[in-house]
Structure formats: structure tokens, C-alpha cells
Amino acid sequence: MLITNEVPDGAGHEDPGHPERPDRLIAVREGLEDLALGDELVTVGLRSATRLELLRVHQGAYLDELGAFCYEGGGDIDEDTYATYDSWPLAQLAAGAGLAVVDELARRGDGVGFVAVRPPGHHALPDRAMGFCLLNNVAVTAAALRSAGERVLVLDWDVHHGNGTQSIFWNDPDVLYVSCHQWPLFPGSGVPSEIGGLAALDRIVNLPLPAGATGDVVARAFEEVAGPVIDEFAPTWVLVSAGFDGHRDDPMADFALSSGDFAHLATWAAGLAPAPGRLAVFLEGGYDLAALRHSVRATLSAVLGDPSANEAPTNGGPGSDQIGRTLRERASTLTLVTAQRDAEEAS
Amino acid sequence: MSIYPRTIAVGFDGSPDAVSACAWAMATGRRLEAHLVLVHARGLLDRFDRRDPRALFGDVVSELATRHAFNEARLSWHVADGDACSVLLRCAEAPVFADLVVVGSRGRDEHAGMLIGSTSLQLAERSAIPVVIVPSTTSEYHEP
């Protein structure tokens, strides 16, 4: 069973010519319809995240300023990110959708969640918008689960590093953030030596890979580097920041993934959920509409246990050597920082 | 070790304030015989639109160098992926190794009175090396 949110009409949040546009959600809806789930599709109503729910991850001054900026008509926040008069209420709905989906999953104790919202969220920092993102949707839900005593894994396969999510949970031992992304690429963060703050060492796992990386390399990076860390962490919930801009047709980056690769990754992610009703997939990037539609379909078919994709998985791309370097860099950073921490505590 | 900066990084996004900052850095760099690195943060849309700042702003920079008698042989570009603040903060490290950062008070799409997008304020707060913020009171810096 797939539990998703009512897809908002996001027409008010648009900037002519900008790739983060309302048509993206139409493509997502088509991908969902391709699955023909019938009674196995449950749609929950939209609700806005409350100020208290947002304050778990964002600073009050930022929320006030963003709201006021939109109320005055909006504009460009930075070179990438825009807001309009309607962006503030739509962003609050996007941040609340994950909460509604997770509530329904918890109530049923069954199913898989799919949060189809825009603007995306994983670049949004505690105190500012960035990279098309206004509010960090996945972080708002992860923080709510964490405040209820859960241990949350956030798995991010958007082609860009989710610097906002990493920053929000940098020092939180109850949230494990794992990201595989193209590097170097925007936002410039996400190197292996970023392993978390002193209170949460080894709770950040960054898996940078070069342009041209194929599905076999991405899967190996997740499974070989992050797999053991995830096993040790033992999450009680799994949230996926599912960006589809790593697809080979996407104009925003240079990974060479196919929809079949996303199906493979989704099958792996589903296997990490500790029980039924403990997995939710959040839409992040993905700007080629056909690739987005097919990748959404492939991902959702896989998390529902019956993977099907219009493209075969890819292999043979670069990056295998980077996996070994990532393992070594993480281990040496962890040794160094742990020794420093212990020395400071002893003195 | 000289107390004067040998390498000056200048945030350059083509905005009027960036032009003003670049002019100030050229005038100062010329006196100190410093190397100037024009730093451009490549955002998501730069990549989407395949924009190359060297091609976009090359003429503007050459004209500024001529006007301020700055030797273009001492000028280079550093284009890196990321938001402006993060990229400029990393300029203290390899490969730029800047010992001074110069920025305009407002970037291309930053709004007066809006703290959330202010690169210069964030930079001043977090930078490990000195930061000069060139005010936007004039459209371009004029040497005294």
C-alpha cells in the first residue's frame, strides 16, 4: 500500500524559465498513475507544518523574514532561489505533507509513504533558503520523529549533497544522514571527512562520486560504506530524500543513472526499514520531466516490492576507486577526531 | 612574513557592488603588488544555463584593470561549485590561499534589508581571514 499526500496545486510558486517549476509535480503524478495502484493508493489531506514544527529545524528569525518577504511579493533570494507571494503558504504545506504521511503510516502500521511536494527542501539551512529550497521538508519530518523518541535514517540520493539536512542534524546522535552525490558540484559540501559533530560522530556519511558515475558504483558506495554504519545505527524509521537529477537525461548534473538504477536503490532502501510502515520517500530534485516520471514510477514500484522500470540498470562508470578513498578518509577522520575529543575530555 | 596581503580574493558575480569591490581590490592590489583572484561561486542555475563567468564578465574585468592600471598578469579566476559564502570561506585554503577577501555589500540577487541572503554579513561573521566589505554607496569605487 502506498500512502501519499494530496498533491498541491503549486502554480503560485513559479518563476518563468526556472527549472524548479509546477510541471514537475504533474510528471510525478503521471508516474504515480502509471502504477495503477487502485485501492492500494491512499491519499492523505494536506496540512501546513506549524511554527513549532518548523522551529525544530529552522530559526524563528528566518521564518519571520521569509514569510514577510513572500507577503511583500517575493523575488530572488539568491542567484538560484526565488519566492513569490504564494511561496510561504505552499512551503508550509510542503513541510507539513511529510508529517501527515508519516502520521498515517504510524496509524496503520503498514504501507510505504511518498511525499510529493515542491519546493524541494534538502538545501534549506536553519537560517536561510538555498538551492531552490525554502523549508527543509524531510528534516521537519525527521525532527518530529526524533522528538517522539525515534532513531531516523535520512538517505539522500539526490545528485547534489543535502547540505541543509546535514547542517540541521550535524550534532544529533539520533539522526543518521547518508548522502551519495556528484562531487565536485553544488553546493560544494559533502566530502567524506564531514562525519558529524562531537556529540554525533559517524552520524554523517558522505559518498562523493565523480561525474559519469553509473548505478553499480552508486549502489556499491551506499552498500559498502554506509551499510555497516546503518546496521550499527539500527534506525526505527527510514526517510529517503529522493532526487532524480542523477538521471542521465537531467540537465542539472552529470551522473549517468537510469530509472532502473533508482529501482535498485529503492529496493535497497526498503530493506533498511525495520518494519512495515516505517519508510517514506520525499521528492527532492529532478528536472527532466520524462526522466522524473519514469524514475518516480520505478522507485515506487520497487519500494512496494514489485520493481519495474523502463530502462535497464547501468554499470561501468567511474568512481569505484573513490569508494576505497572514502572508506579510508572516513576512518582516519574518525580516529583523529575521537582522539582529540577524548584528550579534551581527559584534560 | 609580510603583514600585507599577497593574495586577495574578490567575490565576483557581475553585480554593481562586485564591480565596485573589484575596483577597490585592484587599486589596493596594485599598491601592494598582490595577486588578485576573482572568485565566482557556480550555483545550480549557472550549470543549468551553461554560464561561464570568464566569458560573461571578461570584458568588464579587463576594462576595470585598464582603468586602475592593474597588471592582468597578476589576475586569475577561481570558479567553484557552491553558494557564494561557502566558496569565499574556502578561499583561505587550497588552491587559492587568499589572505584577504573583498566583497561588495550586496550580491546580484540580494535585497537590501534582507538578512537571509546576505553573503557579506555571513562572511564577516565566519571568515578566518580579514574581510573587506565595499559599500554600495557609489556605483563604482573611485580612487582618491
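I began at the interface of chain A and chain B, where the rule finds two salt bridges, a salt bridge being a side-chain nitrogen of Lys or Arg within 4 Å of a carboxyl oxygen of Asp or Glu. I looked up Asp254(A), which forms a salt bridge with Arg47(B), with 2.2 Å between the closest N and O atoms.

I note that this is a predicted model, in which local features need pLDDT of at least 70 and side-chain atom pairs count only at pLDDT 80 or more, while totals for chains, interfaces and linings use all residues. Residues are numbered from 1 along each chain as its sequence is written, chains are lettered from A and ligands numbered from 1 in the order in which they are written, and side-chain values use heavy atoms, with hydrogens and water left out.

I then checked the extent of the interface: 28 residues of chain A are in contact with 24 residues of chain B (heavy atoms within 4.5 Å). The two chains bury about 2200 Å² between them, 57% of it on carbon and sulfur atoms, taken as the accessible area (1.4 Å probe) lost on being put together, summed over both. Glu65(A), Glu79(A) and Arg128(A) supply 30% of the area that chain A buries against chain B, more than any other three residues.
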